[in-house]
Amino acid sequence: MTKEKLGQLIDLRQEIKEIKKRIGSERTGNPSESNIELLARRLKLAADLEKEIMEYINTVTDSRIRRIMQYKYVDGYTWQRIANMMHYDKSYPEKAITRYINKHS
């Protein structure tokens with residue numbers, strides 16, 4: 001897992017909502033089966049990647065690292081906010097995640 005891939009989680013969730021909305025409007029408007037199929041494939045890809053990222057976060061056994069990942073990649077907090085919440089120096093959370101990923105990849 002990479003930080004870049006983890007960082008996609010919030011955008012993936014938004015994309016999933018948007019695709020579902022588009023599929024709904026395709027079905028109520030002038031439905032084009034090929035458009036719905038393409039959107040459904042894109043939805044599956046996004047949902048599979050979202051699941052993969054969440055499963056990865058849930059398998060982290062270090063509570064501190066898992067909490068930082070939750071705050072950053074699931075909740076979308078800034079590194080500064082995470083550091084303040086956890087009473088760390090402003091650069092610690094990002095460095096801790098980088099070290100963890102490098103060590104476990």
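Colleague: Where does His87 lie?

Modeller: His87 lies in the loop between H5 and H6, where helices (H or I, at least four residues) and strands (E, at least two) are DSSP runs numbered from the N terminus. This is a predicted model, in which local features need pLDDT of at least 70 and side-chain atom pairs count only at pLDDT 80 or more, while totals for chains, interfaces and linings use all residues. Residues are numbered from 1 along each chain as its sequence is written, and side-chain values use heavy atoms, with hydrogens and water left out.

Colleague: Why is His87 called exposed?

Modeller: Its relative accessible area is 72%, and exposed means over 50%, buried under 20% and partly exposed in between, with a 1.4 Å probe and protein chains only; His87 therefore counts as exposed.

Colleague: Why is Glu18, by contrast, called partly exposed?

Modeller: Glu18, which is found in helix H2 (residues 9-28), has a relative accessible area of 36%, a value that falls between the two cut-offs of 20% and 50%, so the residue is partly exposed. Glu18 and Leu43 are 25 residues apart in sequence, and their C-alpha atoms are 9.3 Å apart in space.

Colleague: How do you know that the buried residues of H5 line one face of the helix?

Modeller: In H5 (residues 79-86) the buried residues are Trp79, Ile82, Ala83 and Met86. Seen down the helix axis, they fall within an arc of 100 degrees, so they line one face; the arc is that of the directions from the helix axis to the C-beta atoms.

Colleague: Which helices do the buried residues of H5 pack against?

Modeller: They pack against helix H4 (63-74) and helix H6 (92-103).

Colleague: What secondary structure does the protein have?

Modeller: The protein comes to 6 helices and 0 strands, and its elements run α-α-α-α-α-α from the N terminus on.

Colleague: How does the radius of gyration of the protein stand against that of a compact globule?

Modeller: The protein has 17 Å, whereas a compact globule of 105 residues would have a value near 13 Å; the radius is taken over C-alpha atoms, and the globule rule is 2.2 Å times the number of residues to the power 0.38. The C-alpha trace spans about 55 × 25 × 15 Å along its principal axes, and 30% of the 105 residues count as buried.

Methods: Contact = heavy atoms within 4.5 Å.
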